[in-house]
Amino acid sequence: MKHTSRLFTFLALFTLLPTAAHAASPVYVVAAGDTLSKIAREHQTTVSQLMQVNQLNTDRLAIGQTLTLAGVGVPDESVGAPPDLAATSDAKHDDDSSPADVKPESSDHNARITGDVVNVRRTPSLDAKILGKLHYGDTVEVVEAGDDWTKIKYEDDKHAYVSSTYLSSTPLPDLPEFSGDVDTASLRRLEAVIQPLLNTPYVLGGTTTSGFDCSGFTSYVFQKLGVHLPRTSEEQFGGGKKISLDEAQPGDLLFYDALGKGRVSHVAIYMGNGVIVHANGDDVRFGKVEYMHKLYPFYGVKRYLDFQ
């Protein structure tokens, strides 16, 4: 895969692992009497985690509905951590994503979340109550840094804690650099379109800045760049130029089966260095290709824009 660097001023540098199309994720078929709470208890996870992984907007289930169980039931501070590396008694733990290469060392500054989904705790302990979750690329204000836990400001200036493993305060350069003959002006246009859309809420069927679903988001972005995309992710997968994952460049579309139905049901925009941006079921945010590949079968890459 072509490696680009420093596309966004707040993106960490990640190396995309060469990955082929993944086999289907473990799934659970909803039966009569099932509830999300029941399924969560049986698989040692939480309702919120099941909803996050399956991009559910409601806790109502239908008989025969399939739920992916990949990435759930992990007692680590990062949802994307493989079970065999999960921590059980302290905050010294890791996942397949790059941990912070430089830990925050002083108070009253900002740090960036580098884990996929990171728990926010009331006190510095894995046994403490979870107040919420932060996601890859989120910025937090550090109150007091530590080797294991970092105190941060969280919602209405209350103090909370996150694992220091998933924080980075490494300064990032402010100018993009790209390998190969890449049209940097076009990439800056892509950045300019996407940046104001971050954190836009997920709305099923949404195609406007009031709310997007995954294909509504990609359609909107590409329309701003002068390219018309088909409406649904499955239709978008049917068009464009087929590209291998190793050759993917910023602006290409990556496709997944997020519903476990044996067909394309999710699309994301590739940003380089293993980073994607997509409407993921909660809002528009950054994510990592390697994490997506843990969760969903990968269907391929399509190119509608060529920045060369």
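Biologist: Before we go on, what are the ground rules here?

Modeller: This is a predicted model, so local features need pLDDT of at least 70 and side-chain atom pairs count only at pLDDT 80 or more, while totals for chains, interfaces and linings use all residues. Residues are numbered from 1 along each chain as its sequence is written, and side-chain values use heavy atoms, with hydrogens and water left out.

Biologist: OK, back to α4. How many of its residues are buried?

Modeller: Nine of the eleven residues in α4 (214–224) are buried, among them C214, F217, Y220 and F222. Buried means under 20% relative accessible area, exposed over 50%, and partly exposed in between (1.4 Å probe, protein chains only).

Biologist: Switching to charges: how many salt bridges does the structure hold?

Modeller: Six. A salt bridge here is a side-chain nitrogen of Lys or Arg within 4 Å of a carboxyl oxygen of Asp or Glu.

Biologist: What does K153 pair with?

Modeller: With E141, and the closest N and O atoms are 3.5 Å apart. K153 is in strand β8 (149–154) and E141 in strand β7 (139–144), so the bridge ties together parts twelve residues apart in sequence. K153 is partly exposed at 33% relative accessibility, and E141 is partly exposed at 31%.

Biologist: And which residue meets D213?

Modeller: R231, at 3.0 Å, N to O. D213 sits in the loop between β13 (211–212) and α4, and R231 in the loop between α4 and α5 (233–238), 18 residues apart. D213 counts as buried at 8% relative accessibility, whereas R231 is partly exposed at 30%.

Biologist: D283 and R285: buried or exposed?

Modeller: Both are buried. Their side chains form a salt bridge at 2.7 Å, N to O, and D282 joins the two in a network of salt bridges.

Biologist: What about D257, where does that sit?

Modeller: In the loop between β15 (253–256) and β16 (266–272). D257 is buried yet has no salt bridge, and the nearest side chain of opposite charge, R263, is 7.1 Å away. For charge, Lys and Arg count as positive and Asp and Glu as negative; His and the chain ends are not counted.

Biologist: Then which backbone nitrogen lies 3.3 Å from a polar atom of its side chain?

Modeller: The one of L259. Leaving aside neighbours within four places in sequence, D257 also has contacts (heavy atoms within 4.5 Å) with residues including Y296, P297 and Y299.

Methods: Helices (H or I, at least four residues) and strands (E, at least two) are DSSP runs, numbered from the N terminus. A polar contact is a pair of N or O atoms within 3.5 Å; within protein, one must be able to donate a hydrogen and the other to accept it, and residues adjacent in sequence count only if both atoms are side-chain atoms.
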